[in-house]
Amino acid sequence: MASSTRQIVAWFFLILRFVFLTFGPWFVHLLIADVLLSALLPFAFIFPTHTYHLASAIAESVWRGVQRLCEEYNGADIIIAGDELPRGESAIVVANHNEWSDFYLIQAMAIRSGMLGRCRWFAKKALKWVPVLGWGLLVMGMPLVSRRWAEDKEEMERLFSGIKEGRWPVCMYS
């Protein structure tokens, strides 16, 4: 019986080691980014433009890591055909998001247009209450919605007024 328990523990640590060596550095990067974004929250009200640009740089580092996992680690070959995307130009993209793989395609397009750090995704309103993650979403200017227009109208006005008044470049995905 002790031998089988040791085997189970050995397998557990082997799997844990594999997960840490494979994803550990990315998880640490994500945690540091979330802490940095959370630390920016008080400054978002005082220096909204500077905070937006700094949050965009932090977000870009995380999303590049996610994209690297997809393309390099998982071997995805993303091919984009059609007209060249304008570099650095703000856009609102409406995508028929069916699967998680859509996320990587959209990010690949954002990289090619130089807008990866400026990507903003519609997210569930309840996420703003998640410590660290929610604060980061608020600082980055993610639109946090409930999917009910009467409740979301004020959030949309807040979001787009910041983009319009601050003349912030953005690539908004719905």
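**View 1. Pairing of strands S1 and S5 in the predicted model.** Strand S5 (residues 171-173) runs parallel to S1, and the two pair over three bridges. Strands are DSSP runs of E with at least two residues, helices are runs of H or I with at least four residues, and both are numbered from the N terminus; two strands pair if DSSP finds at least two bridges between them. Within this pairing, Ala91 is placed opposite Cys171 of S5. The model is predicted, so local features need pLDDT of at least 70 and side-chain atom pairs count only at pLDDT 80 or more, while totals for chains, interfaces and linings use all residues. Residues are numbered from 1 along each chain as its sequence is written, and side-chain values use heavy atoms, with hydrogens and water left out.

**View 2. The open sheet S1-S5-S2.** Three strands make up this parallel open sheet. Its edges are strand S1 (91-93) and strand S2 (119-121), each of which pairs on one side only. On average, neighbouring strands are turned by 20° against each other, direction ignored; axes are lines fitted to C-alpha atoms, for helices over the stretch in contact, and angles run from 0 to 180 degrees between N-to-C directions. Helix H3 (residues 101-112) packs on the sheet and touches S2 and S5, its direction making about 150° with that of S2.

View 3. Ser38 belongs to helix H1. Its relative accessibility is 13%, and therefore Ser38 counts as buried (under 20% relative accessible area, 1.4 Å probe, protein chains only). Leaving aside residues up to four places away in sequence, Ser38 is in contact with Val132, Trp135 and Gly136 (heavy atoms within 4.5 Å).

Methods
Buried < 20%, exposed > 50% of the residue type's maximum accessible area, 1.4 Å probe, protein only.
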